[in-house]
Every structure is written in structure tokens, then in C-alpha cells.
Amino acid sequence: MTLEGGEGAGKSTLARVLAQRLAKQGVKVELTREPGGSPRAEAIRETILSGAVKPHGPFVEALMFSAARIDHIDRLIRPALARGDWVICDRFIDSTRAYQGVLGNIDKGLLAELERVTIDGLVPDLTFILDLPPEIGLARAARRRAPGEVSDRFESEALAFHRTLRQAYLAIAADEPGRCVILDAAQPPEALADDAWGALRQRLPMTESA
Ligand code: Z5A
């Protein structure tokens, strides 16, 4: 299962709550994130979010995110799934499609090929798209920053960028309704978690005891 959306949408908060609720049902959960999730992928994360890759352009950024994803899948995601655990990943393929694909204007076919070799069939069973006006998400992200802390490579993009990002995610959800569920992320955390939990229970079967 993956969680997607713009900055400050509440993905990490929701991921934690869903992991707790699943654990209460006796489901073993691996909670992880991208970029990152494995030591090598976390090292790549640091490089990307520092802004050092930006001058090379969106395609090289897509390659870097994909390199991190390959290691994350090999080291953490596939082993967890092989054990029968559930995996909740904060951002995954749709972030590359939206940020590098749509906003970076990378050819759709080229990006699809890169995705194909990167994930090798590992498409999420369920993806929550946390939708909210970018003004709200950016305000949340800004409130969270410590005084004097600078915004990261993506947070510092202009508002128009974040509006296009929102539309990119809505288009992904419209293209793949079987996988994607749009959630109203402007509502309070508890209400958002209840909506997500309802959709999760409906779409992903658990055992009778769960
Ligand atoms: N990126 C990419 O370009 N290509 C890729 O392939 C991948 C990623 C995988 C990773 O940043 C960046 O990499 C990301 C896309 C790009 N761009 N940016 N920035 P990151 O991991 O550092 O940041 P993020 O993924 O955007 O997460 P975030 O900013 O931490 O937001 P969040 O996880 O969605 O939100 P949160 O941490 O749960 O909540 C943010 C604040 O709002 C916090 O103070 C909460 O207490 C509060 N909050 C949470 N939920 C609510 C609700 N429902 N109401 C009110 N307040 C709330």
C-alpha cells in the first residue's frame, strides 16, 4: 500500500495511524518511505534533497529516485512481502510520475520504461492519494520547520508547481481507479484516518480474525 500527495498532505501521519490500526488487528506491517527505506536509498535521499542533483535535470533525478527504489525494493519491500507482512510506503512510483514525469516534463513512454525495469511488476495493491489545496499543505510544512531551517529542494518550488502537482495526482487516480483512492486531506487527522481505514477494509481483504 502506498500514500501519495503534495507536501504537508499528512502522508506520514496517516501512514503511522494505519500501521497502528493494522498492528492491532494482528497484521505485521513494515512502515517505510521513499526516497529511502534502506541504508543505500537513504544515502541517495540525502543527496537528492540537498538539491545537488537538480542541476542535472529531471531525468537524472528520476534515475536517482529509481536507483534508490531498486535498493529499497530488493532490501526491504520484497523480503517483507515474502514473509507475509504488509508494506506501507510513504511515496512510491506515483511521486516519480508526478514530480519528474509531469512537472519535469519527461516523455511518458521513457518514464514508463524506467518504471518497468525499476519495480519489475511490484505495483501497489492500494494507493491513497491525499488531496488538498497546496496552500494548506505548504502552510503545514512551513509550520513544522524549525526557526531558521531552510525548505528542501521541492518545498521551495512556486505555488503554480504545487497546483500542477495536485492535478497530476488527480489524473493518476482517474487513470487507475482500481488501485487509487482519493482522500480529502484537508479534514482533521482522525477523520482522514477513518476514511482511509474504511477504504482499506473494503479493498484489501484481511483474515477473519483481522
Ligand atoms: N520525490 C520525487 O520528486 N520523486 C520521487 O520519486 C519520490 C519523491 C519518491 C521527499 O520529501 C520529496 O521527494 C518530496 C517529493 C520528492 N517532495 N517534497 N518536499 P519528504 O519525504 O521530505 O517530504 P514529503 O514526502 O513531502 O512529506 P512531508 O512534507 O513530510 O508531508 P506529509 O508526510 O504528507 O505530512 P506529515 O508529515 O504527516 O504532516 C505535515 C504536518 O501537518 C505535520 O506538522 C502534521 O502534524 C500536520 N498534519 C498532518 N495531517 C494533518 C491533518 N489531517 N490536518 C492538519 N494537520 C495535519
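1. Salt bridges across the model. A search of the whole structure, which is a predicted model, finds 16 salt bridges, where a salt bridge is a side-chain nitrogen of Lys or Arg within 4 Å of a carboxyl oxygen of Asp or Glu.

2. Basis of the values. Residues are numbered from 1 along each chain as its sequence is written, and side-chain values use heavy atoms, with hydrogens and water left out. For this predicted model, local features need pLDDT of at least 70 and side-chain atom pairs count only at pLDDT 80 or more, while totals for chains, interfaces and linings use all residues.

3. E42 and R33. These two side chains meet in a salt bridge, at 2.7 Å from N to O. E42 is partly exposed, with a relative accessible area of 25%, and R33 is partly exposed too, at 35%; here buried means under 20% relative accessible area, exposed over 50%, and partly exposed in between, with a 1.4 Å probe and protein chains only.

4. R97 and D94. The closest N and O atoms of this salt bridge are 3.7 Å apart, and the two residues lie three apart in helix α4 (residues 93–103), so that about one helical turn separates them. Helices (H or I, at least four residues) and strands (E, at least two) are DSSP runs, numbered from the N terminus. R97 counts as partly exposed at 24% relative accessibility, whereas D94 is buried, with a relative accessible area of 0%. Both residues also belong to a network of salt bridges that links D94, R97, E115, E176 and R179.

5. E135 and R163. The side chains of E135 and R163 meet in a salt bridge of 2.7 Å, N to O. This pair links distant parts of the chain, with E135 in helix α6 (residues 134–144) and R163 in helix α7 (residues 159–175), 28 residues apart. E135 is partly exposed, with a relative accessible area of 38%, and R163 is partly exposed at 42%.

6. E4, a buried residue with no salt bridge. E4 is placed in strand β1 (residues 2–5); it is buried yet has no salt bridge, and the nearest side chain of opposite charge, R91, is 4.2 Å away. Its side chain does, however, reach the backbone nitrogen of F92 at 2.7 Å. Leaving aside neighbours within four places in sequence, E4 is in contact (heavy atoms within 4.5 Å) with residues including K11, R91, F92, D94 and Y169.

How values were computed. Lys, Arg positive; Asp, Glu negative; His and termini not counted. Polar contact = N/O pair within 3.5 Å; in protein donor to acceptor, adjacent residues only side chain to side chain.
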